Amino acid sequence: MKDKKSSNDTVERKRLPLGLILVIIFVFISALIGLLTPFIMELEWYIDLFLLLLSVLGIVIGIGLIKRKNIARIFAIVFYTGGAVFGLYSLFDSFSWEYFENTVKVSAIIRIIISVVIIWYLLRKDTKDVFR
């Protein structure tokens, strides 16, 4: 009887919660956009390099989340906290408003909302329990 229960626990352990799947999909889509942006837009070389580094970090975080590594969860929290802070900065940065007023405002608000939702989800106790 005990063996049957432990095998059910193993099967249950292999399933990723839907919320985590959605976070992982978002992480990979964000990384892909970051990798493609330098080819779509003409940016300074250091911005291209920064986007490349963030994209690679996003891919590493995404793989760690798939493997349920707690360190990946922690890095994702830090990563999206930075995204929320950058969103707040973009919202109030006068230079950004000068050229792309509405686009920057809307994208900053969306970035803040998504970042806060991801941080909230990754900090939940039931989400923490999924990671090792």
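This is a predicted model: local features need pLDDT of at least 70, side-chain atom pairs count only at pLDDT 80 or more; totals for chains, interfaces and linings use all residues.
Student: What makes up the secondary structure of the protein chain?

Tutor: Six helices and zero strands, giving the pattern α-α-α-α-α-α along the sequence. Helices (H or I, at least four residues) and strands (E, at least two) are DSSP runs, numbered from the N terminus.

Student: How do you know that the span of helix 2 agrees with its number of residues?

Tutor: The expected span is 1.5 Å times one less than the number of residues. Helix 2 has 23 residues and should therefore span 33 Å; its end C-alpha atoms are 32 Å apart, which agrees.

Student: Why is Thr37 called buried?

Tutor: Buried means under 20% relative accessible area, exposed over 50%, and partly exposed in between (1.4 Å probe, protein chains only). Thr37 comes in at 16%, so buried it is. This residue lies in helix 2, whose buried residues also include Leu20, Val23, Ile24 and Val27. Beyond its neighbours within four places in sequence, Thr37 is in contact with Leu43 and Leu51, where contact means heavy atoms within 4.5 Å.

Student: And what makes Val60 exposed?

Tutor: Its 52% relative accessibility, which counts as exposed. Val60 sits in helix 3. Together with Trp45, Tyr46, Ile47, Leu49, Leu52, Leu53 and Val56, Val60 forms a nonpolar patch on the surface, with about 800 Å² of accessible area together. Patches take residues with over 30% relative accessible area and no salt bridge, joining like charges within 9 Å and nonpolar side chains (Val, Leu, Ile, Met, Phe, Trp, Tyr) within 5 Å.

Student: Which residues touch the most other members in the largest nonpolar core?

Tutor: Leu20, Val23, Leu65 and Leu122, out of 16 residues. Helices 2 (18–40), 3 (45–66), 4 (70–92) and 5 (94–123) each give two or more residues to this core. A nonpolar core is a set of buried Ala, Val, Leu, Ile, Met, Phe, Trp, Tyr and Cys residues joined through side-chain atoms within 4.5 Å. Setting aside neighbours within four places in sequence, the contacts of Leu65 include Leu16, Leu20, Val23, Ala72 and Phe131.

Student: Why do Arg124 and Asp126 count as a salt bridge?

Tutor: A salt bridge needs a side-chain nitrogen of Lys or Arg within 4 Å of a carboxyl oxygen of Asp or Glu. The N to O distance between Arg124 and Asp126 is 2.6 Å, so the pair qualifies under that cut-off. Lys125 and Asp129 qualify too, at 3.2 Å, and the count comes to two.

Student: How do you know whether Arg124 and Lys125 are buried, partly exposed or exposed?

Tutor: Arg124 has 27% relative accessibility, so it counts as partly exposed. Lys125 has 60% and is therefore exposed.

How values were computed
Residues are numbered from 1 along each chain as its sequence is written. Side-chain values use heavy atoms; hydrogens and water are left out. Accessible areas come from the Shrake-Rupley method with a 1.4 Å probe; for residues, only the protein chains shown count as cover.
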